[in-house]
Amino acid sequence: GAGSPEAKYEKMHPAPFSFTDITKLIRFFTKHKAKVLDPFVGVGSTIKACVELDREGFGVELSPKWCEITRQRLAAESNHELDDEHLVCGDSRKLKQYFKKETFDFIVTSPPYWNILEKKDHKANERVINGHDTKYSESKSDLGNIEDYNKFLDDLAKIFLSCHDLLKPGKYMCIIV
């Protein structure tokens, strides 16, 4: 909820993945010591849930800003330092360069929205007033900045196909859209 400690970091991101929600999914789909990947880690809710549930969390994040906030969050809220293997500050289009085939027991993510964050509504105005970002990043590599919807879907589909190859046989992937 808005008053929870997690909200401090989640509010910073324009489209946060709730720590409470991801914790339920990880608990349901994995066992202790399982390896979990979030290819769009944002502010680190997935990795934090893994730490708290005794799973090994991995994430990929394009934006150096969100990578740094994830590191700060894990240090502050879970007394956990992330190394470059567990938090890759890079492009999810290159997942197979970062991880070996059949590494993960569970892959879970809330992928970037297409250009919905470009919409100027009362929520966007409220974020501006509160000094929060209204976009993921300014990077041309950011899926949220792709103008052509079909290109966005193609790029996202390629990432999800790469995710399939990283899953151990018989394991699960959950995409929150």
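These legends describe close-up views of a predicted model.

View 1. The protein holds 177 residues, and buried residues make up 47% of them. Read from the N terminus on, the elements run α-α-β-α-β-α-β-α-β-α-α-β. Take the contacts between residues at least 6 apart in sequence. Of these, 71% join residues at least 24 apart.

**View 2. Helix H3 crosses helix H4.** Two packed helices are described by the angle between their axes and the distance between the axes. H3 spans residues 45–52, and H4 spans residues 64–78. Their axes come within 10 Å. They cross at roughly 30 degrees. Angles under 35 degrees count as roughly parallel, so H3 is roughly parallel to H4. The crossing of H3 and H4 is right-handed.

**View 3. Side by side, H3 and H4 meet through named residues.** Which residues of H3 take part in meeting H4? They are Ser45, Ile47, Lys48, Val51 and Glu52. On the H4 side, the partners are Arg73, Leu74, Glu77 and Ser78. Sorted by class, this contact of H3 with H4 has three nonpolar, two polar and four charged residues.

**View 4. His86 sits in the loop between H4 and strand E3.** Strand E3 covers residues 87–89. Is His86 buried or exposed? Its relative accessibility is 14%. Buried means under 20%, so His86 counts as buried. The side chain of His86 makes a polar contact of 2.7 Å with the side chain of Glu56. Leaving aside neighbours within four places in sequence, His86 is in contact with Ile47, Glu56, Gly57, Phe58 and Gly59. One of these, Ile47, also belongs to the H3 residues that meet H4.

**View 5. His32 lies in the loop between helix H2 and strand E1.** H2 covers residues 19–29, and E1 covers residues 35–38. Is His32 buried or exposed? Its relative accessible area is 57%. Exposed means over 50%, so His32 is exposed. Leaving aside neighbours within four places in sequence, His32 is in contact with Leu53, Asp54 and Arg55.

**View 6. His32 and Cys50 are set apart in sequence and in space.** How many residues apart in sequence are His32 and Cys50? They are 18 residues apart. In space, the C-alpha to C-alpha distance between His32 and Cys50 is 9.2 Å.

Key
Residues are numbered from 1 along each chain as its sequence is written. This is a predicted model: local features need pLDDT of at least 70, side-chain atom pairs count only at pLDDT 80 or more; totals for chains, interfaces and linings use all residues. Side-chain values use heavy atoms; hydrogens and water are left out. Axes are lines fitted to C-alpha atoms, for helices over the stretch in contact, and angles run from 0 to 180 degrees between N-to-C directions. Helices (H or I, at least four residues) and strands (E, at least two) are DSSP runs, numbered from the N terminus. Angles under 35 degrees count as roughly parallel, over 145 as roughly antiparallel, 65 to 115 as roughly perpendicular and the rest as oblique. A crossing is left-handed if the near helix is turned anticlockwise from the far one by less than a right angle, and right-handed if clockwise. Contact means heavy atoms within 4.5 Å. Ala, Val, Leu, Ile, Met, Phe, Trp, Tyr, Cys and Pro count as nonpolar, Asp, Glu, Lys and Arg as charged, and the others, Gly among them, as polar. Buried means under 20% relative accessible area, exposed over 50%, partly exposed in between (1.4 Å probe, protein chains only). A polar contact is a pair of N or O atoms within 3.5 Å; within protein, one must be able to donate a hydrogen and the other to accept it, and residues adjacent in sequence count only if both atoms are side-chain atoms.
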